[in-house]
Amino acid sequence: MTAAPVLLIELLRYAFLAALVVFVARVLRVVLLDLETRAAWPASRAVLVVESPDGQRGREFLVAGEATVGRALGCAIVLTGEYVSAHHARLFERAGRLWVEDLGSTNGTLLNGRRVRRPVAMRAGDRLRIGDVVLGLRLETAAAPAAPVWTAGEDGRG
């Protein structure tokens, strides 16, 4: 055999090995995230607390299931900030954690100062900026008193 086919076979072997390593690394990452998710929120509830602006400070929203956040009255969580879009973001529970997703808002959604470009899992203490409104995530045990649950079926006022 000539050197070219042997070299090609060796390159294919190394490419396959590299692809296998990347695959195993991604599988391990998903497994570890799943284990972390299961341990993250045993019997807890997610409460968003308005931290700023001062006029809205202290308002609380219990997030149960799925909730849209925005200016529109049909949103489960209605915010009155200047830079809040009508349907700004979506919050939802998946695998026992609260996730946030930007709904194509004009000014974007920031989680701990980073722009949300795809659904992102949240943790206790995270800061969610929607327009000029900053919301902090607090976790409560199921036995603790909770804020009222706001759902899209109510009048939409928070």
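**Figure 1. The largest nonpolar core of the predicted model.** In this predicted model, the largest nonpolar core holds 23 residues, and those with the most contacts inside it are L48, I77, L79, L91 and M122. A nonpolar core is here a set of buried Ala, Val, Leu, Ile, Met, Phe, Trp, Tyr and Cys residues joined through side-chain atoms within 4.5 Å, where buried stands for under 20% relative accessible area, exposed for over 50% and partly exposed for the range in between, with a 1.4 Å probe and protein chains only. At least two residues of this core come from each of strand 1 (44-52), strand 2, strand 3 (66-70), strand 5 (89-94), strand 6 (97-102), strand 10 (127-130) and strand 11 (133-141). Over the chain of 158 residues, 33% count as buried.

Figure 2. An open sheet is formed by 6 strands in the order 2-1-11-10-7-8, with antiparallel pairing, two strands being paired if DSSP finds at least two bridges between them. Strand 2 (60-63) and strand 8 (114-115) each have a single partner strand and stand at the edges, so one side of each is left without a neighbour in the sheet.

**Figure 3. Pairing of strand 11 with strand 1 and strand 10.** Strand 1 and strand 11 are antiparallel and share 8 bridges, and L48 stands opposite L137 in strand 11. Strand 10 pairs with strand 11 over 4 bridges, also in the antiparallel sense, and R127 has G136 in strand 11 as its bridge partner. The hairpin of strand 10 and strand 11 has 2 residues between the strands, and in this hairpin G131 takes a positive phi near 65°.

Figure 4. T109 lies in strand 7, whose residues 109-111 are joined to strand 8 by 2 bridges in an antiparallel arrangement, with L111 standing opposite R114 in strand 8. T109 counts as buried because its relative accessibility is 0%. Its side chain makes polar contacts with the side chain of D102 at 2.5 Å and with the side chain of H88 at 3.4 Å; a polar contact is a pair of N or O atoms within 3.5 Å, one able to donate a hydrogen and the other to accept it within protein, and residues adjacent in sequence count only if both atoms are side-chain atoms. Leaving aside residues up to four places away in sequence, T109 touches H88, A89, V100, D102, R114, R115, V116, L128, R129 and I130, a contact being heavy atoms within 4.5 Å.

**Figure 5. The aromatic pair of F92 and W99.** The structure holds 1 aromatic pair, formed by F92 and W99, which are stacked at 6.4 Å centre to centre with 15° between the planes. Rings of Phe, Tyr and Trp (its six-membered ring) pair if their centres lie within 6.5 Å, and planes under 30 degrees apart count as stacked, over 60 as edge-to-face and the rest as tilted. Both F92 and W99 are buried.

**Notes to all views.** Residues are numbered from 1 along each chain as its sequence is written, and side-chain values use heavy atoms, with hydrogens and water left out. As the model is predicted, local features need pLDDT of at least 70 and side-chain atom pairs count only at pLDDT 80 or more, whereas totals for chains, interfaces and linings use all residues.
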